[in-house]
Amino acid sequence: MTQQFYVSPEQLMKDRADFARKGIARGRSVVVLTCRDGIALVAENPSPSLHKLGEIYDRIGFAAVGKYNEFESLRQAGVRYADVRGYSYSRDDVSARGLASVYAQSLGSVFTTEGKPFEVELAVAEVGAEPYQDHLYRLTFDGSIADESNYVVMGGQADVVNEALARSWNQDTGFPDAIRTAVGALSATRAPAEAPGTANGSSGYGNPGSAADAGAAPERLGAGLLEVAVLDRNPLSSRGTVRAFRRINTVELDRLLSGPEGD
């Protein structure tokens, strides 16, 4: 006789939540932060083609961690939603808040009705004409939505990255300093950099002191391990387009990370 076990709805939801959290934690972290020039999106991502950052609409960007196929399907659905709404009504009617609400409904429906929840966490960012008009929305696997301020950290060792960012974030900086701040926070989870001349050498971005030194800085992530994009606050005046989203290529990023002299 086959023995059957009863699982309460509460336990089932808990198991699904634990499953999704573990999947998200295995991914590399993403940081989205506001600054004087707009909104910077920085992800630890060595892949040149499987993007974790993307454009949704004129002034709206998207960042994600978790399973690529799942968050990419959501990104594409968001682009379709924005295009249809902008065409049917007005481009001004496409907002990060509306898009985040649609994502929340989709994630919540999958979490409660499907056999497996999405192992993703999303951020939807909309840059305003002034910093106080910026909007950051964070969405979790169960459809929960939060209106964030200043910055969002997702995936990986998010607590460590968030703590590092809390010590260094400054809204009055431009894109170069904001990106360096985000990279420094993402690098906080890495092992300390070794002194120049050791087996691994220095990355050029780390602390020149020995890894054995107390308080040695972690090895900083290089441009080849990063994906970076920005939402320009004034794209029309700076680049002659209404589209605020712009990717930072590896060459430009490497120069930017080398220090203020590379700005």
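The legends below refer to a predicted model, in which local features need pLDDT of at least 70 and side-chain atom pairs count only at pLDDT 80 or more, while totals for chains, interfaces and linings use all residues. Residues are numbered from 1 along each chain as its sequence is written, and side-chain values use heavy atoms, with hydrogens and water left out.

**View 1**
The protein chain has seven helices and ten strands. Helices (H or I, at least four residues) and strands (E, at least two) are DSSP runs, numbered from the N terminus. Of the 263 residues in the protein chain, 44% are buried; buried means under 20% relative accessible area, exposed over 50%, and partly exposed in between (1.4 Å probe, protein chains only). Among contacts with a separation of 6 or more, 65% join residues 24 or more positions apart. A contact means heavy atoms within 4.5 Å.

**View 1. Confidence along the protein chain.**
The average pLDDT of the protein chain is 87, and 87% of the residues score at least 70. This score is the predictor's confidence in each residue, from 0 to 100. Among the elements, strand β5 (residues 120-126) has the highest mean pLDDT (98), and helix α6 (residues 235-239) has the lowest (82). Over residues 195-214 the pLDDT is below 50, and this stretch has 33 contacts in the model beyond near neighbours in sequence.

**View 2. The largest nonpolar core.**
A nonpolar core is a set of buried Ala, Val, Leu, Ile, Met, Phe, Trp, Tyr and Cys residues joined through side-chain atoms within 4.5 Å. The largest one has 27 residues, of which V31, L33, V42, I179, L226 and L253 touch the most other members. Two or more residues each come from β1 (30-35), β2 (38-44), β8 (151-154), α4 (158-168), α5 (175-186), β9 (226-232) and α7 (250-257). The element that gives the most is α5, with seven residues. Another core, of 23 residues, lies apart from the largest one, and its members include A20, V32, F141 and F245.

**View 3. Surroundings of L226.**
Neighbours within four places in sequence are left aside here. L226 is in contact with V42, A43, E44 and N45, with V183 and L186, and with L221, L253 and L257.

Two strands pair if DSSP finds at least two bridges between them. β1 and β2 run antiparallel, joined by six bridges, and form a hairpin with two residues between them. T34 has I39 in β2 as its bridge partner. On pairing with β9, β2 is again antiparallel, over seven bridges, and L41 has A229 in β9 as its partner. β9 also pairs with strand β10 (residues 245-248) in the antiparallel sense, over four bridges. Here A229 stands opposite R247 in β10.

**View 4. The two sides of β9.**
In a regular strand the side chains alternate between the two faces of the sheet. L226, V228, V230 and D232 point one way from β9, E227, A229 and L231 point the other way, and all are buried. β2 is likewise mostly covered, with seven of its seven residues buried.

**View 5. R180 in helix α5.**
R180 is found in helix α5. R180 counts as buried because its relative accessible area is 12%. A polar atom of the R180 side chain lies 2.6 Å from the backbone oxygen of L256.

**View 6. Y137 in strand β6.**
Y137 is found in strand β6 (residues 135-139) and is buried, with a relative accessible area of 8%. Leaving aside neighbours within four places in sequence, Y137 is in contact with A96, R97 and A100, with L122, A123 and V124, and with I145, A146 and D147. Y137 and Y151 are 14 residues apart in sequence and 9.8 Å apart in space, C-alpha to C-alpha.

**View 7. N150 in a loop.**
N150 is found in the loop between β7 (145-148) and β8. Although N150 is not a glycine, its phi is positive, at about 75°. N150 counts as partly exposed because its relative accessibility is 30%.

Definitions and conventions:
Polar contact = N/O pair within 3.5 Å; in protein donor to acceptor, adjacent residues only side chain to side chain.
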